[in-house]
Amino acid sequence: MSVMSIRIADEKRKKLKAIASLEGKTMSGLVSELIDEYVSDAMERMQEKSEIHEIMKVSEPAFSEWDNEEDEIYNDL
């Protein structure tokens, strides 16, 4: 396991330490849980974006008839 050191405002550190103590956790344990939750949420958001991108790619051919030179004048509006 690696050691990570971060700088946070004293007030935030005090609140974090108090919360960890009230929950019977160490600050390291609490921060580790928060990181796990953040990473999990971020992975879900990325998956959703990827799925939306895939849906857009699948639907792209349906709009190919709109891609013609006559309509190019509207691209610069």
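Helix α1 covers residues 10-22, and its 13 residues should span 18 Å at 1.5 Å a residue; the C-alpha atoms at its ends are 18 Å apart, so the two values agree. The model is a predicted one. In this model α1 crosses α2 at roughly 95°, and both helices contribute two or more residues to the lining of the largest pocket.

**Helix α1 and its end**

**Packing of α1 against α2**
- The axes of the two helices, α1 and α2, come within 9 Å and cross at roughly 95°.
- Angles of 65 to 115 degrees count as roughly perpendicular, so α1 is roughly perpendicular to α2.
- On the α1 side, the contact is made by Arg 13, Leu 16, Lys 17, Ile 19 and Ala 20.
- On the α2 side, Met 27, Leu 30, Val 31 and Leu 34 make the contact.
- Seven residues in this contact are nonpolar and two are charged, with no polar ones.

**The largest pocket**
- The largest pocket holds about 430 Å³ of space.
- Its lining has 14 residues, of which Met 4, Ile 6, Met 27, Ser 28 and Val 31 are the closest to the centre.
- Elements giving two or more residues to this lining are α1 and α2, the latter being residues 27-59.
- The most comes from α2, which gives six residues.
- By class, the lining has nine nonpolar residues, four polar and one charged.

Definitions and conventions: Residues are numbered from 1 along each chain as its sequence is written. This is a predicted model: local features need pLDDT of at least 70, side-chain atom pairs count only at pLDDT 80 or more; totals for chains, interfaces and linings use all residues. Side-chain values use heavy atoms; hydrogens and water are left out. Helices (H or I, at least four residues) and strands (E, at least two) are DSSP runs, numbered from the N terminus. The expected span of a helix is 1.5 Å times one less than its number of residues. On a 1 Å grid over the protein atoms alone, a cavity is a set of points where a 1.4 Å probe fits but cannot get out, and a pocket is an open set with protein on both sides within 12 Å along at least five of seven lines; lining residues have an atom within 4 Å of a point. Grid points are joined across faces, edges and corners, and a volume is the space filled by probe spheres set on the points. Ala, Val, Leu, Ile, Met, Phe, Trp, Tyr, Cys and Pro count as nonpolar, Asp, Glu, Lys and Arg as charged, and the others, Gly among them, as polar. Axes are lines fitted to C-alpha atoms, for helices over the stretch in contact, and angles run from 0 to 180 degrees between N-to-C directions. Angles under 35 degrees count as roughly parallel, over 145 as roughly antiparallel, 65 to 115 as roughly perpendicular and the rest as oblique. Contact means heavy atoms within 4.5 Å.
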